[in-house]
Amino acid sequence: MGSTHDFESGAQGWHSYGGDSTSSVVDGEFCVVVPTGTKDPWTVAAQHDGITFEAGTTYTVSFTAHATQDVSVNLRAGIGWPDDVASTVALTSQEQEYSFTWNPEFSGEGNLSFQLGAQAADYTFCLDDFQLAGDAELIPDTSFDGVLPEGWSAAGWTVTSEPGEGEPLCFEVPAGSGQYDGLVLNGLPIEEDANYRLTFTASASNAATIRTIVGENAVPWRAAFADNTQLSTELTEHELAFTSPVTFPAQSDDPAVGVGQVALQMGARGDFTFCITSLSLKKVATPPPPYEPDVRGPVRVNQLGYLPDGPKNATVVSDATEPLAWRLEDSSGATVASGDATPAGLDPSSQLTVQTIDFSSFRTAGSGYTLVVGEDRSDPFAIAKDLYAQLRYDALNYFYPVRSGIAVDVPDDRYDRPAGHVSGPDGEVNKGDLDVACLTAAEDGAAWSYGTWTCPTGYSLDVVGGWYDAGDHGKYVVNGGIAVAQLLSMYERSLHSPDAARGALKDGTLDVPADESGNGVPDVLDEARWELEFFLQMQVPTGSGMTVSATDKRSLDGLVHHKIHDVGWTGLGLLPSQDPQERRLHRPSTAATLNVAATAAQGARLFAKYDKAFSQQLLSVARSTYAAAKRVPDLYAPQSAGQNGGGPYDDTDVSDEFYWAAAELYLTTGEKTFETAVQSSPLATSDIWARSGFSWGSVAALGRMDLATVPSKLPTRKAVQASVVTGAEKILAWQQAEAFGTTYPGDADGSYVWGSSSSVLNNQVVLATAYDLTGQARFANAVLESMDYLLGRNALNISYITGYGTKFASHQHSRWLVPPPPGTIAGGPNSQSSTWDPVMNRLYPPGHDCAPQLCYVDDIEAWSVNELTINWNAPMSWVASFVADLGVSGVPTAPVVTKHPSDVSAKKGTSVALRATASGKPAPSVQWQVRDAKGRWVDVPGARTTTLRIVVTPATDGAQYRAVFRNASGTATTDVARVTVLAGPKGPGPKGPGPIPWPGRG
């Protein structure tokens, strides 16, 4: 049947037969009145003739139906018994939807019928919206037979196979080919909301992962379906089903309108031999089954591992209500620890019923540990002090490969590339970032968002350099601002925190250009400088003549352009040096200007030791940008300015940027003007600690934490420090309610935001800062436990950090950084469907929702959940450095008494000693106490060693003593020890230092 039978125009070929039955169309339904008394089901039927069947084709029949009483009837189709197929339809008085799938083994013309007879009472059957659909093959020739069929292309690669029926087509794929080169067939009609099944049998001699695409063959290269398909070295069939969210024609006379294509993209994956025997793409009636992520097993652990003296927690997905027994096995399979899990009930963010496991008491270093619950086993993990040592550097090494304006040459030559955007507007390929003009209304079209703002005639800037923001080629000051601030802060922490590993961030520790390594400047500062120098170039020069608009004549001199990027979007697989788009500056913004003021001020104090001239330049720019922002405090980046070529980074509240900038200027200069600006800010004392953490649009925490940790004479510094600890307490409380250990509890409505991994990380930064301020172990342990979530202890059982763990994100969205380098953090789950990309919308259509923690897929096209960005890898670097430091210094622990004092008895005049010891990091202090005549415990003056010496006198008879051990993480008190005076002659006097008298009596 070529169309749905909705009976709006009559019976559409349907009729009834048998007994005294009658049929008619009533209110848009085909109805049959069925009398009782018939002997067999087929005695009365509703039937449609003239239907052709083809063996091997899958047919889907769907319809709505109801009856005036509950009956079960047969739906059958075929060319005559026994060549038929059938399904049972249970009818009720309520209209219901039905769907069945058939795979007939016969061919020919026949009919389809509902067999309605042999029922106990009269009833009426009604049918509507009936559809019978079969598969339709779109590929003209599905077999390759050793050759490349007509219409196919394969990037000009050499075919090595010989022609022959059923033989595979094989060709050599060179390592130097483009990553999106491959086997392609154009001219396929793809329809929105239609269902398809793509099947092919192929192999790769190196077991490469190829990219399977059904999409369009022209800009903007939209995809109806994309899959990262892992091939085997043996010919293996792959079946992929999807529903298309877009339409592509089979033919187009307009070069700007692409046609549908199927492509197996396999370049840039090393030298290998690819073979394929067949490929089929069918339009089918049956939609693909609902997407369910492969979570592998129920036991979720930190797949990298745990520090020996740190917390060790895991989560088990189970419906069991009784505690589950667990055991920890070493690499040989021996059980080294065991216990019972704690039922935690239904976890809201994952909608999974879980139990938690705490095996923190096990501290033996090693590798290959697994946690076993019943028959389920976790991924293997290590217990080691140096667990995070390399992650500190890998996370930071993300930044050099995303530099703009410089050739990249790193140890892993997969990421080597020519310099991008070092040309002028007339460049042979690139059209920037030299001599870049401002965006105009004519260029931006309907997306124009800047009113009557224009740049003066001939205005342009040289803005080569900086970091590419994310998966595209844009450069954005506000996103760069928070990123460079966190790199500067992680270095500044190494100057002031006693727990920072000395020399860990020194010169020569990162993969930076040769002229930066060994220059005497810490590499992390060299990296930050690359972005800071770009910021300086984005400032509107004095005397520019630029104003806010045609009617608002406030000068924009000294303000900073919000961003620079292409005038239109580019597709994947495009090196920065190959970007052909025009580049344009966007209107300055107050937010961007204050980002430069803050980071330039911070940079000025850190570079003063290494480059005095650059430090002075930074401070001068910090002052001038802050003054410009005060002059134009309300020039906001509009949300609508994100439709062509780059994101908007819109922000209409810059009170936090003013606070942050004033804080950094005060810390660098100590000047009263900036102190007053800090103290008078509405954010100086407000609660700035949000569930989703701080971000590029909410930066008050950057100022607050630096005011708390960087030495200064701020009168309210202790209150500022206390406010950071209060913020950390909030995050700690949120984390304690999370069964997977994350510091991000979701937003107030339970949803996960775009870039939720950065929410986790930035909340970890607050906790780590509280640890630096207090030394309390609970804050350090909270940071470590949240690493568990990022490294696999989560609902999807995946590490969001590339290269770390058993199963990790490896297909983040980027135009050229493929695969992402180790230490790259993925954006993470995002349950706010209004922000989703086509991949997420396809996987989770309306009615098939995902729990917040499950709203993620490791797909290069899934930019709303799987992008990579500088402002996410910056906190990743900060936190990685912090936890690596804990591996060096040791995780702090509260005191634990290891030896209690014992009761003593001695004669009057003798000297006795009470002894007590306790463990803890740092080593705890000790204070002995005695109970006074009123029953109160009072300190024994000067008794601050682990041994207390006492002269026995009548007054000490029955005296009670104890020792109290303290460090920043807690207090431990020993048992009480009593002194008893024995009867008899006086003993010998004390020797050595005099004993401490008991100050309680006489």
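## Charges over aromatic rings

A charge sits over a ring if NZ of Lys or CZ of Arg is within 6 Å of the ring centre and within 35 degrees of the ring normal. In this predicted model, local features need pLDDT of at least 70, side-chain atom pairs count only at pLDDT 80 or more, and totals for chains, interfaces and linings use all residues. Residues are numbered from 1 along each chain as its sequence is written, and side-chain values use heavy atoms, with hydrogens and water left out.

Arg529 lies over the face of Phe614, 3.8 Å from the ring centre. The charged end of Arg691 is placed over the ring of Trp734, at 5.6 Å from its centre.

## Aromatic pairs

The structure holds 43 aromatic pairs, that is, rings of Phe, Tyr and Trp (its six-membered ring) with centres within 6.5 Å; planes under 30 degrees apart count as stacked, over 60 as edge-to-face and the rest as tilted. The pair of Trp157 and Phe171 is tilted, because the ring centres are 5.7 Å apart and the planes stand at 40°. Both Trp157 and Phe171 are buried (under 20% relative accessible area; exposed is over 50%, partly exposed in between, with a 1.4 Å probe and protein chains only).

Tyr649 and Trp696 form an edge-to-face pair, with 4.9 Å between centres and 75° between planes. Tyr649 is buried at a relative accessible area of 15%, whereas Trp696 is partly exposed at 22%.

## Surroundings of Glu527

Glu527 is buried, with a relative accessible area of 2%. Leaving aside residues up to four places away in sequence, Glu527 touches Phe399, Tyr400, Arg403, Trp467, Leu487 and Val512 (contact means heavy atoms within 4.5 Å).
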